[in-house]
Amino acid sequence: MSQATIESILQEERLFKPPAEFSQAAQIKSLEEYQSLYEKSVADPEAFWGQLAAQELHWFQKWDKVLDWQPPFVQWFVGGKLNVTYNCLDRHLSNGRRDKTALIWEGEPGDSRTFTYAQLHREVCQMANVLKQLGVKKGDRVGIYMPMIPEVAIAMLACARIGAPHTVVFGGFSAEALKDRLLDAQAKVVITADGGWRKDAIVPVKEQVNKALADNGVPSVEKVLVVQRTGQLVHMEPGRDLWWHELREGVSADCPAEPMDSEDTLFILYTSGTTGKPKGIVHTTAGYNLYTHITTKWIFDVKDTDILWCTADVGWITGHSYIIYGPLSNGATTLMYEGAPRSSNPGCFWDVIQKYRVTIFYTAPTAIRTFMKMGEELPKARDLSSLRLLGSVGEPINPTAWMWYYRVIGNERCPITDTWWQTETGGAMIAPLPGATPTKPGSATLPFPGVIADVVDANGNPVGENQGGYLVIKNPWPGMLRTVYRNPDRYRSPYWEHIPPKNGQYLYFTGDGARKDRDGYFWIMGRVDDVINIAGHRLGTMEVESALVSHPAVSEAAVVGRPEEIKGEELVAFVTLESGYSASEELAKELKQHVVREIGAIARPSEIRFTDALPKTRSGKIVRRVLRALAAGQEVVGDLSTLEDRGVLDQLRAGT
Ligand code: WTA
C-alpha cells in the first residue's frame, strides 16, 4: 500500500449507519443483535454451530459430535452424512423453488441462458452420470479448467454429487501451471471446453489442456470431457477426449446424491504460498457447506427475491463460495457473466445489472478503481436502481474507491460490505452485516459470529489500539481448510506454527498485517509474507522467481511488489544473467513472456531490472526490503549492516 493510502486510512473517521429500512428487513437487524449473536457464538461454539447446522442444512444422518479440535487438526460434525448438492439443489425442488431461477448466465457476445432449480438439478444429475460412465468414483479427483459458462457450475456440482473432489484451475493459468496442479491432485478426468469468450477473444482452454497432457504429461488423467461453447475447431485426442453434448444424449437424469461424511473432501483449490509450488487447500463437505451458507445469508442478507452477482471467476475461492455454493444452498438466484469490461464495451457490467435487475453486486477493489478511472458517465447512463447491497473482496479497499462505489454505484443508498477472507478460510471472516454494522470506508469492520480475530506481535501477544501487527484467528471455524493436499506439514507449519503455540493455544496466521481501532474495527493492511496481491489475485514471489530462473538466460531472480494505482500492486523482477547473456529490451520482453508461459498473464512482471548482483545478507538471503524500496523509488532506510556487499546497493541505486 502506498504511503498516501496509509495516511488517508489512518485519518478515516467517517461512519455510515445502515439505512433504517434496510435494517428493518435484514436478516440481522441491529448492532445489538449482532453483538448478542457474537457473544453466544464464542461462549458456546458447539451449541452455536450445532444449532445452525440443524436449522440450515439437510442431513442424511445427524452428527455425533459438533467439534473435534486436536490442534491444528479439526473435524466438524463428526459422524454426520450429507451431500452439498442436496442442499444446493434437491431440497429446493420441494420447498417451492422448483421453478425459481437458480442460475442466470450472460455470455460476452450477448447470448444468455437461465436455469431453474429443476433444470439445474437435471443437468447436474446427467453430468454426474456421465462422469460415472467415465469411471469416476467417490474420492477420485476431477480437474476443471473452463471458461465462465454454466457448465462450470454444473461440473463442480456433478463432482460434488458423486463425491469426487473437484479441483478448479483458473482458465487464465498457463498449460504449465495447469499441469502442475493436475499432477499434484492426481486428477483422473479433466473437464474443459472448446473455448470461452473474454475481452472479445477466445480463451483457448482446450489447447492448454492438450499441451498440459501432451506426451502423457499427467499420467493419472484418463479422460477429458469437453463442453462445446465457441464451436471453433479444437484437437480432440482419440480415446481420451469426449464431447459432453454427445455423451449426454440419452443419459438418465436420475442420480441420487451420494451420502458423504461431513469430513469427506469436497474440493481442493490451489493457491499461492511463500514457497515455489502452489498448495492444494482442502475443504470438506459439512463445514464448508454450512459456513458458505450462513455467511451468504447474513453478510449478503440474501432473500428469495435477490439476484446476486459475484464477478469473480469460479477458478478462485470467491467464485466457489459466492457464485456457486453459498447462493445455491440458500435457494437464491445467482448470476454468472462470461466476460470482462473491455474497450468495445466498457459499461458491460452496468448493462448486466440493468438487464437482470441485479440486487447484490460483489466485486474487487481493482475493478472499482478501474471503473473510477473510466468515469461516472458509464454507470450513470444505466438504471442501477435495483441494487440494494454492494460488496468488496480480494484486497484492501482504499477509502477513495469505497466512497466512489458508495456514491456512484450505490447512489448513497446501498450499504457496502467489505469482506476479508482467504482461500483457506472458505468464507468471509471479517465483514459488516449490512443491516447491523455501521461501516467505515476502508475497514472490513468486525468478525463474523464464531470467529475470534485479533492483531498480535510475532510472539502472539495482542498489540495495542491502532498498532500494526499480524492478523490471526484464535479458534477453529467450520469453513476452515483442513490440510494442504498430500502435504500436512505445509498445513501445520506456515499456518499454525508461524506464531509459536503457547499452552495449547494455537493461532492461525493469516499472512496479513492489520490494526484494530478503538471500536474494535479491523483495518487490513495487506500481506506481510512473500505473497503479493495483484488486482486481487494471489501470487507467491517464489513462484514467479522459479519461473524466471527456469529461463536459460537467468541466473538469479528476486521478485517484489510495487504499489500501483489500479491493481494495488504490480510485480518488479530483479534479475542477474548467466554469462554469455546481456541485458536488453528484447530479453526483458522475452522474460516477461516466459513468465506468462510458465504461470499465466496475471503473473507478468511490469518491469524487469537487470543487475550484476542481488543485495544479500552474509548468510546469502536476499534482502527484499531493500528491493521493495528500490522498486518503489524510495530511499532505502533502516539497518543495512547485514548486507554482504554495500557496493551492490550503490549499483542498484544507480539504476543499472
Ligand atoms: C487479501 C480471496 C483486504 C488478503 C477471498 C488475503 C483482502 C488474500 C480482503 C486472500 C479484504 C482478501 N481486504 N485484503 N476485504 N479480502 N484480501 O486466497 O491479503 O485469493 O490474505 O482469497 O487477499 O486471497 P485469496
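Which residue just after H6 takes a positive phi? Select Gly135: its phi is about 95 degrees.

You are looking at a predicted model, where local features need pLDDT of at least 70, side-chain atom pairs count only at pLDDT 80 or more, and totals for chains, interfaces and linings use all residues. Residues are numbered from 1 along each chain as its sequence is written, and side-chain values use heavy atoms, without hydrogens and water.

**Helix H6.** Now select residues 117-133. Helices (H or I, at least four residues) and strands (E, at least two) are DSSP runs, numbered from the N terminus. Of the 17 residues, 13 are buried, so H6 is largely enclosed by the rest of the structure. Buried means under 20% relative accessible area, with a 1.4 Å probe and protein chains only.

Select 265-271, strand S14. Six of its seven residues are buried. Pairing needs at least two DSSP bridges. Find Ile268 in this pair; Val282 in S15 stands opposite.

**Second largest pocket.** Select Asp180, Gly276, Lys277, Glu543 and Ser546, which lie nearest the centre of the second largest pocket. A pocket is an open set of points on a 1 Å grid over the protein atoms alone, where a 1.4 Å probe fits, with protein on both sides within 12 Å along at least five of seven lines. Lining residues have an atom within 4 Å of a point. Here 13 residues form the lining. H8 (175-185) and H18 (541-549) each give two or more. H8 gives the most, with four.

Definitions and conventions:
Expected span 1.5 Å × (residues − 1). Buried < 20%, exposed > 50% of the residue type's maximum accessible area, 1.4 Å probe, protein only.
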